[in-house]
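Welcome! Have a look at the structure below, and then we can walk through it together.

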Protein chains: 2
Amino acid sequence: MNGENNFFKSAFSVDNVIFGFDDGDLKVLLIKRGAAPFQGLWALPGDLVYPNEDLDTAAYRVLEELTGLKKVYLEQVHTFGSVERHPLGRVITIAYFSLVKISDFTLMASSFAQNVEWLNVDDAMKSELAFDHNKILETCFNALMHRVRIRPVGFELLPPKFTLTELQHLYEAILSTELDKRNFRKKILSMSLLTDIEEYQEGVPHRPAKLYQFNKERYQQLEAHGFSFEVKESKKKEKKKRLAELIAR
Amino acid sequence: MNGENNFFKSAFSVDNVIFGFDDGDLKVLLIKRGAAPFQGLWALPGDLVYPNEDLDTAAYRVLEELTGLKKVYLEQVHTFGSVERHPLGRVITIAYFSLVKISDFTLMASSFAQNVEWLNVDDAMKSELAFDHNKILETCFNALMHRVRIRPVGFELLPPKFTLTELQHLYEAILSTELDKRNFRKKILSMSLLTDIEEYQEGVPHRPAKLYQFNKERYQQLEAHGFSFEVKESKKKEKKKRLAELIAR
DNA sequence: CTAAAATGCCGTAAATTAAACACTAAGAAC
DNA sequence: GTTCTTAGTGTTTAATTTACGGCATTTTAG
């Protein structure tokens, strides 16, 4: 090292928890590591941040290099910087999550990746991931759970046209809860954020459902007037009762 | 620079938005910079992270070196890493906010600080701060607003024994809203998170108010059973009506 | 052609929660 | 003892949330 002090011996990276939704399941895109350290384990896509690159830019780059997708929802979540988190040196990492429509997804040829796969989020959380990526995944999943309640970001995971049942299943997957069909539909429709495009599902072996589109302009307009999106996970009545008793004591 | 590649030409720092509450006002602790760059401007307390130091540890260190306080509420908020945010090189910074009881506070002798002061948060946000600290302050204030609604962290800003009116004023300051006295008291007391210690204010020129303590154990116990703390900023009825009409269209 | 299977779609009553609102009580200062 | 200041308290009304069952539409199999 030359005259510079050793504050400049460190590096930073971004890691990206890329969520997708398919067939009622919430998934995360992982890469099987082809080289040490942690060879053979699943890891989050990530990369060192270039010297002249903003953090968000780096996160978008990682995403695009991997999936070819450009305009996706991306949000910074947390920075992980334990001294020993990276075996090869001091590398802190800024974690992002992004939401992509699996239907848009095309895997890019990627030199550093041996193997890329959509894994069910629950399964991924249970398996051993490289580095501190279990912790990162968990943190980002919690952030998603939280975000999805207060912002209409769930739509980022669905194709442009979707049915109310698909939307409900998405929420159920993210919130790990069951929702009442009638109440869910009532609530979502009452927000008037969905455009009824007068189209119906095709090729389904049952009564086809209406298709809707998320009306982003409408949302922004309402938001500007103080509207706040909110979906709650239904606290079941039994639970509420038990809690009320506990509090009463 | 020697053989190391230039990913390792960068550094990272922590910056700490230290909130306090005094006399009905929410304050933030700032340092007047004694040296270039940004000499003479107010700045958030912060420092480079040592090579062998975890991020949280660095944030606690900054806080303790400045205030002497050890056990305080501290939370990571966001990482700021624009290429041009620091004039002297690539320095990304991890922003934290912390909540301290001003009554506990004793200013430490601090070599690098010319001048340390509690500034009203609104005033601080309006003035020009060093670096990107306006942005950081704003982000952390928003994070506090948000956090205070869903976690009982406000108590960290109050002395151990406080009156309900003080608590209400705290919430009003953080949420920038007015709350109905009776409804607020009803709601807070119904959570049974406060211990009535049968003590009263002294030395006030009016009827003394009861003092309460926050019961942390109780909170943790309830939380474990699914209790969720929640304070809403009252959506005034007029606003709600206007919004409802907008949605109906 | 009919029946069965699958999912879509609808509305109301009851319970809970939130909002609005005004007077009496206690102590200190004069 | 009068005045001043803040503390403390309950009820009614409106809004929101929850619970809940049955008929409708389409495809497929027989």
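Predicted model: local features only at pLDDT ≥ 70, side-chain atom pairs only at ≥ 80, totals over all residues.

Q: How many residues of chain B are in contact with chain A?
A: Let's begin where the two chains touch. On the chain A side, 45 residues take part. The number from chain B is 45 residues.

Q: About how much area do chain B and chain A bury between them?
A: Of the area buried between the two chains, 60% lies on carbon and sulfur atoms. The area that chain B and chain A bury is about 3900 Å².

Q: Which element gives the most to the side of chain B that touches chain A?
A: Across this interface the rule finds 19 residue pairs in polar contact, both residues at pLDDT 80 or more. The elements of chain B that give two or more residues to this side include β1 (11–22), β6 (91–99) and α3 (133–150). The one that gives the most, with four residues, is β5(B).

Q: How many salt bridges does the rule find across the interface of chain B and chain A?
A: Over all chains, the structure holds 18 salt bridges. On the side of chain B that touches chain A, the residues include nine charged ones, along with 21 nonpolar and 15 polar. Across the interface itself, the number of salt bridges found is zero.

Q: Is Glu75(B) buried or exposed?
A: Glu75(B) forms a salt bridge with Arg147(B), at 2.3 Å from N to O. The pair joins strand β5 to helix α3 of chain B, 72 residues apart. Arg147(B) is partly exposed at 22% relative accessibility. Glu75(B) has 13%, and because the cut-off for buried is under 20%, Glu75(B) counts as buried.

Q: What is the relative accessible area of Lys70(A)?
A: Side chains of opposite charge can pair when their charged atoms come close. Here Lys70(A) meets Glu64(A) in a salt bridge at 3.9 Å, N to O. Glu64(A) is partly exposed, with a relative accessible area of 32%. Lys70(A) is exposed, and its value is 57%.

Methods: Residues numbered from 1 in each chain as written. Chains lettered and ligands numbered in written order. Heavy atoms only, no water. Contact = heavy atoms within 4.5 Å. Buried area = accessible area lost by both parts, 1.4 Å probe. Salt bridge = Lys/Arg side-chain N within 4 Å of Asp/Glu carboxyl O. Polar contact = N/O pair within 3.5 Å; in protein donor to acceptor, adjacent residues only side chain to side chain. Nonpolar A, V, L, I, M, F, W, Y, C, P; charged D, E, K, R; others polar. Buried < 20%, exposed > 50% of the residue type's maximum accessible area, 1.4 Å probe, protein only.
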